[in-house]
Amino acid sequence: MEARARAAEGDDHSALRILALAHEARGAAGPDELPGVFSFPEAKQWAYAGTTLLAVGGDEQIRHAISASNRAVELYRAGPEGDRSPGDLQAAHLDLATACLAGGDVEGTGAKLSDVFGTEGYTASITIRLRNLAALLGSEPYRGAQSAVDLRAHIHEVTVRPALASNPTEPR
């Protein structure tokens, strides 16, 4: 989480250093002693690494982000159901979509987003990230591409629906 924060601040050097420390710590750590929200499954670590590497940017880091995000998806799919985090899995797929767009592949972005769109409900973080991706799709050089226009429209559609419409006690 610290690496993600450093990358968001633009401190790429610290973000990469902290990622390396986290990787070393995982290798030296034993199994999580506390279950549930107090654990930090390996899949989550890979998902967070992918997000961090995307934020750092650059061709090499984007390639590493793709590898990290793919690893997160693999681990979440293969791991115990109790360790699966729908939000983190959505984030890994969203990172893969964002990496495609960074490479100029709008159609690939749409294909990767289908894994995000195929799920019910989004956390606030995923909604914000989807809207940020929509903003990128609305900028040059993608603005005029019909596939980018269609993706932006779909992102708008899925992010304006109330996620908890069936729970009348939740504030909107």
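**Figure 1. The loop at Pro 141 in the predicted model.** Pro 141 sits in the loop that lies between helices H7 and H8. This close-up, like the others, is taken from a predicted model. The peptide bond leading from Glu 140 into Pro 141 is cis, and its omega is near 5°. As a general rule, most peptide bonds are trans. Glu 140 also takes part in a salt bridge with Arg 143, in which the closest N and O atoms are 3.9 Å apart. Glu 140 is exposed, since its relative accessible area is 56% and the cut-off for exposed is over 50%.

**Figure 2. Packing of helix H7 against helix H8.** Helix H8 covers residues 146-160, and its axis is 9 Å from that of H7, with an angle of about 155° between the two. The two helices are therefore roughly antiparallel, as angles over 145 degrees are classed that way. H7 and H8 cross in a left-handed sense. On the H7 side, the residues in the contact are Thr 127, Leu 130, Arg 131, Ala 134 and Leu 137. On the H8 side they are Ala 148, Leu 151, Arg 152, Ile 155, Thr 159 and Val 160. Sorted by class, the contact of H7 with H8 is made up of seven nonpolar, two polar and two charged residues.

Figure 3. Arg 129 belongs to helix H7. Its relative accessibility is 19%, so Arg 129 counts as buried; the cut-off for buried is under 20%. With neighbours within four places in sequence left out, the contacts of Arg 129 are Thr 51, Ala 91, Leu 94 and Asp 95.

**Figure 4. Gly 118 in the loop between helices H6 and H7.** Gly 118 is placed in the loop that joins helix H6 (106-117) to helix H7 (124-137). With a relative accessibility of 67%, Gly 118 counts as exposed. Glu 74 is 44 residues away from Gly 118 along the chain, and the C-alpha atoms of the two are separated by 17 Å.

**Figure 5. Packing of helix H3 against helix H4.** Helix H3 is formed by residues 42-56 and helix H4 by residues 59-78. Their axes come within 8 Å of each other and cross at roughly 160°. H3 and H4 are therefore roughly antiparallel. The crossing of H3 past H4 is left-handed. H3 brings Glu 42, Ala 43, Lys 44, Trp 46, Ala 47, Ala 49, Gly 50, Leu 53, Leu 54 and Val 56 to the contact. The residues of H4 that meet them are Gln 61, Ile 62, His 64, Ala 65, Ala 68, Ser 69, Arg 71, Ala 72, Leu 75 and Tyr 76. By class, 13 residues of the contact of H3 with H4 are nonpolar, four are polar and three are charged.

Figure 6. Tyr 76 is a residue of helix H4. It counts as buried, at 3% relative accessibility. Tyr 76 and Ala 43 are separated by 33 residues in sequence, yet their C-alpha atoms are 5.8 Å apart in space. Once neighbours within four places in sequence are set aside, Tyr 76 is in contact with Ala 43 and Lys 44, and also with Asp 83, Arg 84, Ser 85, Asp 88 and Leu 89. Ala 43 and Lys 44 are also among the H3 residues that meet H4.

Figure 7. The structure has five salt bridges. One of them joins Arg 6 to Glu 2, with 3.2 Å between the closest N and O atoms. Arg 6 is partly exposed at a relative accessible area of 29%, and Glu 2 is partly exposed at 44%. In helix H4, Glu 74 and Arg 71 are three residues apart, again about one turn of the helix. Their side chains form a salt bridge with an N to O distance of 3.4 Å. Glu 74 has a relative accessible area of 45% and is partly exposed. Arg 71 is likewise partly exposed, at 33%. Arg 71 is also one of the H4 residues that meet H3.

Terms used. Residues numbered from 1 in each chain as written. Predicted model: local features only at pLDDT ≥ 70, side-chain atom pairs only at ≥ 80, totals over all residues. Heavy atoms only, no water. Axes fitted to C-alpha atoms, helices over the stretch in contact; angles between N-to-C directions. Helix = DSSP H or I, 4+ residues; strand = E, 2+ residues; numbered from the N terminus. Parallel < 35°, antiparallel > 145°, perpendicular 65-115°, else oblique. Left-handed = near helix turned anticlockwise from the far one by under 90°. Contact = heavy atoms within 4.5 Å. Nonpolar A, V, L, I, M, F, W, Y, C, P; charged D, E, K, R; others polar. Salt bridge = Lys/Arg side-chain N within 4 Å of Asp/Glu carboxyl O. Buried < 20%, exposed > 50% of the residue type's maximum accessible area, 1.4 Å probe, protein only.
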